[in-house]
Amino acid sequence: QSYCHIPDLSCESSTWGKGAYKTFNGKIFSFESSCTYTFCRHCVESGSDFNIEIKRSNQSEIEKITVLIDGTDVSISGKTILGWMLWIFSELSRLCASDGPGDYESWRNDPDIVCEKHVCPETQIYKECIPSNPSTCSNVAPFQNSECVSGCTCPKGYMLDDIGEKLTCVLKANCPCESNGKVYKPGEVREGPCSSKCTCQEAKWFCTEALCPGRCKVEGSSFTTFDGVSYEHPGNCHFLAVHDENWSISIELRPCPSDQTGTCLKSVTLLLNSSLSADKYLFNNDGSVTNNKIKRQGYYYSDTIKIFRVSSSYLQVETSFGLKMQIQIHPVMQLYISMPPNKFTNTLGLCGSYNNKAEDDFLSSQNMLEKTPQIFADSWEMMSCPKGRPSSCISIENEKFAEKNCLILTDPSGPFASCHSIVDPRSYQEKCKTFTCSCENVQDCLCTAMGNYVKACAENGVYISGWRKGQCEQICQNGLVFKYDVKACNSSCQSLSERDRSCDVQDVPVDGCGCPDGMYLNSEGSCVLKTHCDCYINDEIVKPGRIASIDGNNLNEILSNQHYFFFTLENCTGGAEYVNCSEPNAQRRQDRTCSSRNIPNFNEDIPCRRGCFCPIGMVRDSKGNCIFPDDCPCFFGGWEYDQGSTTTVGCNECTCIKGSWNCTQNKCQTSCHIYGDGHVRTFDGKSYSYDGLCQYSFVEDYCGQEYGTFRVLTESVPCCEDGLTCSRKIVVALKDQNVVLHDGKVTVVKNLESKGCELNTTVYSIHTVGLYLILKFVNGLILIWDKNTRVSAILDPSWSGKVCGLCGNNNGDLKDDFTTRHASVAVGALEFGNSWKTSQECSDTVVQAFPCDSNPYCKAWALRKCGIIRDSTFKDCHSKVNPDAYYTACLEEACACDMEGKYLGFCTAVAMYAEACSAVGVCVSWRKPDLCPVYCDFYNAPGECSWHYEPCGTVKAKTCKDHLIGQKFATLLEGCYAKCPDSAPYLDENTMKCVKLSDCSCFYNDVIPAGGMIEDECGRTWYSYILDTMYVCKSKQFSYCTGRIGFRNLHSFPSVFFFFWCSCFCPSLINCSCVSLEYLYHLIWI
């Protein structure tokens, strides 16, 4: 047995002849024996990594060689030694071929070597060096977890078709595509967004331009052009907003009323057929429309234009050539213009040039591209006007009010959060503060500013409701009710007399006051029943009950023939009506209730019954009153909620609207967990168990595409004879490096694609929080690892629907969570899990394990212990987090091993439920000295008491990586937390000790103490020492220490500076002095 005493260098040991040996350190000796001796092995107690044994014959010739590598036993004796040599030839050829082709690849054709010729299927060919995971149509860029291997592969330029014709080699151009389970041939087309067309080409989709409408906005003095440029202009004049060859839109901006500073929109004018016979429509800020053709306000249509009131707050306009305008008239006037795509590409005016090029939007009336919005806007004044004054804050109280209340727009858990990833709320927040501060009536201005953001979200397909509750509730008169999505179609009495042309117009939804369903708006602006509606004949209004003559027929006779009256033969309460089965037109009636209105009716064939029934189309509420279904209350958790009531579900706020819940669509972070012996909860909330013995894709963004940015791979590390998972190895595969979580620590290695010797250490950071390590990646991925079997992946909302793997596809749909690597939906967990292996060489898992059946003697203990999840310990959480899936997982974990009570799986399962409870605001302290205890006193030095346990905590002390005090992570995790003394105020997360700043360590694949020495990826050795706080720098930039080594070479001499914390920054190559508020480490290359 020999040892290699030269660290980090390759060493060689050999034997030959009749007993000559050379050790790793070069010593040569002779020893003859016919016994079996250990030639070399891994010097650990188990010796399980590798072990080589040699036995010589009585004549001292090598008789047998036994090699044990990772549990695989290979014996070589007699003639098989020749086979061993052939294997050596093959391995040498493979290693050489990995650097490029050459003559050595044809060694099998040498006449002196007798070697079996490999036969490959179909059109595949044999090569000495091919990727360990070949490219396929469904996975054009598979993860390469090892060096190249010898075997059969497709010819260069071809890949395996595993979507259409299985395992045949095809050109990439002939690869089919897959969408929603359907296979498309190359060249086939499917529908895309905004009427775009997507074509299958080279295993990818190529889509045409999404032709979405262009929109221009005028919100007070704030403008947004068709091409998306935003600017401010406090005008005091008539301005040309949009001009085309045959039509124009002008606006009138004037100083706001006396209770408000700044500029307000006073009127909008639409000019059709720009000539002497132009047709002009003037829209005033009181909601009136001026045109000599309009006889009745609120509704007008002709062959060229439709004008109608959508709600109490909005007018809608649409022309025959596709121009649309939504004009807000309450609480302040605002204008929203929409044009069909690519139809009017030469527009001019304040709305810019609608050509998808923002750089020319400031084209002035003098055909000059202005650089400032003020000069640009002034050029479009339609007359000589005085200059407007910008808005200003009325008072300090208003300023404080605006500052506080406008923050809700950017609140990640607020009512507008569902739109944050679609429309950036920051600019709207700033406008909100400016606008609200300028108003005497701060409430109206605040709600207007918030409504502007809601409007912007609606234009982008995100519809927010419930946001008006509290400060911005609208009071409706004359029986009208507030709705977040008002429909004008068939909602007026006039729509009963003639076809409602408003039904032909589709635009962005608006809110405001409208009639309840089943009631209609009459000519006086009140909501009435159909029987009380007035009639509209030739632009005239006929009151109900009045007689009018139509072609010689009396109107009241027509109404009678249509049965617009009711017979009441018996007094009924609660709005019910009496049904007499003797009447020829009597209908079979059944009372429906609010709680049963959505339940299918199984009694339609019962005989007619006399009695009091709610009118057709109405249902009974819990008090027995007849109401319209849309007026029903909502139900949740066994409780009844009135219209407008709210409740919180997850990170969303839900509002009761029309008898149904309308929830905000906050695109919050999503999480996926794997723990114990293979219990998985996907991003979309599906729980299942699968624990194969291979490496699997936990979550990735490749998903059948040629390019991606990351993969998170998981591999179980078994223990016990039955292969129970006692820990889990995680690999985060990035562009040039793999971050490995294994054996309680984090290491970083270069991957096969890395070309340089230095690693990019800025793509992630490591933090210790309680019992866990948190890895935060700059791409929006967060990993939480308990250093054992539990790993959680947390993704930002931007990853919604863009990932795949064992965690599902993160699209909110449970039905397709078992989508395999080949984009088909698996029936069960086995098929699904097996499809996400990273290597096909690893066998499929064929049997689903049920531990309590395998170890029935553990079941009683498991039932007793796991009962904690369902008992009073977690009672406050039961109504918020369903314990069933966690209880089932706990039973499986508790039964998984015969080490009753000693296996960590039970504790991990309970901890997962406790963490889920913490996420919904229920913190449960469930651990006890005899139940999964956590001993934080381990971290306390003798006589100290800095560390203590918290069931739902976070790091609040200053750390060596972050010098700020306060909660640093939204996630609350259990574990040990430190309160560091003033003498050692910094928490060193690497050593879990309170230290002075000068004693802080760093982590670089291991803990590096202050003053320690390391060797980087390029083989350079560095050591550190503390300098004074004053130094001179000559580099373009320096890197700030975040717990990892960072190098920056200086131009003047071969050394680097490494910051632990520094308050200065040298931005150029010129000499500059920087004063550090903390300590600076200086690393010298030796």
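Student: What makes the lining of the second largest cavity nonpolar, polar or charged, by class?

Tutor: In this predicted model, that lining has nine nonpolar, one polar and two charged residues. The residues are Tyr772, Ala911, Ala914, Glu915, Ser918, Val924, Trp926, Pro951, Cys952, Leu972, Leu973 and Glu974. Glu counts as charged, so Glu915 and Glu974 make up the charged part.

Student: Which elements give two or more residues to the lining of the second largest cavity?

Tutor: Helix 13 (905–919), strand 59 (947–953) and strand 60 (973–978) do. Helix 13 has the largest share, with four residues.

Student: How much space lies in the second largest cavity, and how many cavities of 30 Å³ or more does the structure hold?

Tutor: About 90 Å³ lies in there, and the structure holds nine cavities of 30 Å³ or more.

Student: Over to the helices. Why are helix 10 and helix 12 called oblique to each other?

Tutor: Their axes cross at roughly 140°. Roughly antiparallel would need an angle over 145, and roughly perpendicular runs from 65 to 115, so helix 10 and helix 12 count as oblique. The axes come within 9 Å, and the crossing is right-handed.

Student: Which residues make the contact?

Tutor: Helix 10 (residues 859–866) brings Lys859, Trp861, Ala862, Leu863 and Cys866. Helix 12 (residues 884–895) answers with Tyr887, Cys890, Leu891, Ala894 and Cys895.

Student: What classes of residue are in the contact of helix 10 with helix 12?

Tutor: Nine are nonpolar, none polar and one charged.

Conventions:
Residues are numbered from 1 along each chain as its sequence is written. This is a predicted model: local features need pLDDT of at least 70, side-chain atom pairs count only at pLDDT 80 or more; totals for chains, interfaces and linings use all residues. Side-chain values use heavy atoms; hydrogens and water are left out. Axes are lines fitted to C-alpha atoms, for helices over the stretch in contact, and angles run from 0 to 180 degrees between N-to-C directions. Angles under 35 degrees count as roughly parallel, over 145 as roughly antiparallel, 65 to 115 as roughly perpendicular and the rest as oblique. A crossing is left-handed if the near helix is turned anticlockwise from the far one by less than a right angle, and right-handed if clockwise. Contact means heavy atoms within 4.5 Å. On a 1 Å grid over the protein atoms alone, a cavity is a set of points where a 1.4 Å probe fits but cannot get out, and a pocket is an open set with protein on both sides within 12 Å along at least five of seven lines; lining residues have an atom within 4 Å of a point. Grid points are joined across faces, edges and corners, and a volume is the space filled by probe spheres set on the points.
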